[in-house]
Amino acid sequence: MKLSLTPKLSTFLKPSLASTPLRRSLCSSSPSPPPPPISLKPQTPLFLRPPIHSATSSDLQQWQDWAKTLASSVGSTFANSDNGPDSTLLLRELNWLVDDAVQQGIENGQRKIRLRVSLEELYLLWKQRIEERKPFQYIVGCEHWRELVLCVQEGVLIPRPETELIVDLVGDVVKGEEGLREGLWADLGTGSGAIAIGIARVLGTGGGRVIATDLSPTAISVAGFNVERYGLQDVVELRKGSWFDPLKDVEGKLAGFVSNPPYIPSDNISGLQAEVGRHEPRVALDGGVDGMDDLLHLCKGAASILKPGGFFAFETNGEKQCKYLVEYMENEARGSFCNLSIIPDFAGIHRFVTGFHK
Ligand SMILES: C[S@@+](CC[C@H](N)C(=O)[O-])C[C@H]1O[C@@H](n2cnc3c(N)ncnc32)[C@H](O)[C@@H]1O
């Protein structure tokens, strides 16, 4: 599968909501359809399924013609309504779907088409993409993130490109610091396991370990699938529970912890791009009235969970949340932290707050 273009969460907002100040309340009027049932069992991404189905080239061509017509009919309607994909992007996604689902070759001198899903399912998948606005990553069951291809499905947040930087921040602090590189780390709210797996690979073989937690059983199950796919079962341990609850036995012992918690203000959820608002889990997005509920909870627990010299990094919605957190940690947790920093993402938006426990 080719890399799809997954913009950061803030770009999923309708243009009028993208710069909403903290605590501003917005009205929501459009009712959302009921959420689809969510499977706890990890689903195998398309590209990993065996090509056990077959189709004639004319049937496959007929499907492709129909799928192209459907994608072209969208024009810029979604883009104008909520910053959604336009026909050009949808047609590119259609090519990626074909790459993942179709295997063409010659068998006994004859052209053969093998499919990893049935043709009927391909019709259904493309209808879901266009008519239900199901995210492309849920259609193919995976997302490219750093050098990884991670399994994702409904019930688990699709990891975003800007979050990749958290792994680099950890990579920077463990360089030349054996005590941190060989220590115990945690990724709170791990989702697909992206950050935990990234950190485990950065820590290398020096004995460092990562605990990945999440409240969502689907996330824990999908993260487990991804951890196993990368052979990291001995390095990444999964624990289900709310924030610091599953970490009581390691209080004061962590070399570092990171989190990309829910941080969208509740009132902004209804303004999100349909792919996000209708399909990605609310528990992964909604950070309360001003988006700060979970970030503040994590700040409050940071001093007790970290060992002296331990590092933390949080992802936020942008500059306002970053400033709020730094001020909070300077004023409320006076004396507990040092080297508090605000770090921009690739787009220059102030995105991360980092620091060390004294
Ligand atoms: C924004 S998503 C981040 C997922 C993943 N870390 C990533 O960056 O792609 C936030 C995650 O926090 C989890 N979460 C929400 N509330 C939680 C809680 N009280 N305790 C633990 N995890 C929670 C959600 O299930 C979701 O997986």
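## Confidence and overall make-up

Across this predicted model, pLDDT averages 90 over the chain, and 89% of the residues score at least 70. The stretch to treat with care is residues 1-32, where pLDDT stays under 50. For that stretch the model has 61 contacts beyond four places in sequence.

The chain has 358 residues, of which 42% are buried. Its secondary structure amounts to 13 helices and 12 strands. If you look at contacts between residues at least 6 apart in sequence, 72% of them join residues at least 24 apart.

Three strands make an open sheet in the order 1-3-2, and their pairing is antiparallel. Strand 1 (53-54) and strand 2 (102-107) are the edge strands, each pairing on one side only. Strand 1 is joined to strand 3 (residues 110-115) by two bridges, and His53 stands opposite Leu115 of strand 3.

Further along comes a hairpin, made by strand 4 and strand 5 with two residues between them. Strand 4 covers residues 142-145 and strand 5 covers residues 148-151; the two run antiparallel and are joined by four bridges. Here Cys142 stands opposite Cys151 in strand 5. In the turn, Arg146 has a positive phi of about 50°.

## Helix 6 and its buried side

Helix 6 spans residues 164-174, and its buried residues are Ile166, Val167, Val170 and Val174. These residues lie on the same side of helix 6 because they cover an arc of only 100° around the axis.

Just after helix 6, Gly176 adopts a positive phi of about 75°.

Phe352 counts as buried because 23 C-beta neighbours lie inside 10 Å. Leaving aside neighbours within four places in sequence, its contacts are Leu165, Ile166, Leu169, Ala313, Phe314, Glu315 and Ile343. Ile166 in that list is also one of the buried residues of helix 6.

Trp243 belongs to the loop between strand 8 (236-240) and strand 9. With 19 other C-beta atoms within 10 Å, Trp243 is partly exposed, since the cut-off for a buried residue is 20 or more. Not counting residues up to four places away in sequence, Trp243 touches Leu188, His297, Leu298 and Gly301. Trp243 and Leu298 are 55 residues apart in sequence, yet 7.5 Å apart in space, C-alpha to C-alpha.

## Around the ligand

Which residues come nearest to the ligand? Of the 21 residues around it, they are Pro159, Gly189, Gly191, Asn260 and Ala284. The elements that give two or more residues to this shell are helix 8 (194-203), strand 7 (209-214) and helix 11 (282-285).

By residue type, the shell around the ligand divides into 11 nonpolar, nine polar and one charged.

How values were computed: Residues numbered from 1 in each chain as written. Predicted model: local features only at pLDDT ≥ 70, side-chain atom pairs only at ≥ 80, totals over all residues. Near = placed C-beta within 6 Å. Nonpolar A, V, L, I, M, F, W, Y, C, P; charged D, E, K, R; others polar. Buried ≥ 20, exposed ≤ 12 C-beta atoms within 10 Å, placed from the backbone. Arc of directions from axis to C-beta. Contact = placed C-beta atoms within 7 Å. Pairing = 2+ DSSP bridges. pLDDT = per-residue confidence, 0-100.
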